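Here's a quick tour of one model, written for someone who likes the cut-offs spelled out. Have a look at the sequence and the coordinates first.

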Amino acid sequence: MEKTLELIFTKSDGAKKTLSIADPREGLTLADAKTAADKIIAANVLTSGGLELTEFTEALIKTVTIDVLA
């Protein structure tokens with residue numbers, strides 16, 4: 001089973017941008033995700049199409065099960 005943390009931001013044009021992080025630690029909380037997202041916004045190190053990330057919108061953990069066919 002694979003897990004991915006998805007941090008969803010709003011860009012300066014109002015569109016959404018998703019940042020995916022593989023293998024998030026167990027027990028991650030919304031408060032943890034928000035703290036990380038706020039640091040990303042404050043550092044202004046990521047852009048999308050030349051537009052700044054302006055606001056944290058939500059966090060999701062996506063779980064995928066992969067079954068290999070034999």
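Ile66 is exposed, with a relative accessible area of 52%; buried is under 20%, exposed over 50% and partly exposed in between, with a 1.4 Å probe and protein chains only. This residue sits in the segment after E4.

Together with Val64 and Val68, Ile66 makes a nonpolar surface patch with about 290 Å² of accessible area in total. Patches take residues with over 30% relative accessible area and no salt bridge, nonpolar side chains being joined within 5 Å and like charges within 9 Å. A salt bridge here is a Lys or Arg side-chain nitrogen within 4 Å of an Asp or Glu carboxyl oxygen.

## Where the numbers come from

This is a predicted model, where local features need pLDDT of at least 70, side-chain atom pairs count only at pLDDT 80 or more, and totals for chains, interfaces and linings use all residues. Numbering starts from 1 along each chain as its sequence is written, and side-chain values use heavy atoms, leaving out hydrogens and water.

## The sheet

Four strands form an open sheet in the order E2-E1-E4-E3, with antiparallel pairing. E2 (16-22) and E3 (47-48) are at the edges with a single partner strand each, so one side of each has no neighbour in the sheet. Strands are DSSP runs (E, at least two residues), and a pair needs at least two bridges.

E3 pairs with E4 (residues 51-64) over two bridges; Ser48 has Leu51 in E4 as its bridge partner.

Thr29 is in the loop between E2 and H1, and is partly exposed at 39% relative accessibility. Its C-alpha atom is 31 Å from that of Val68, 39 residues apart along the chain.

Key
Areas by Shrake-Rupley, 256 points an atom, 1.4 Å probe, with all protein chains shown as cover.
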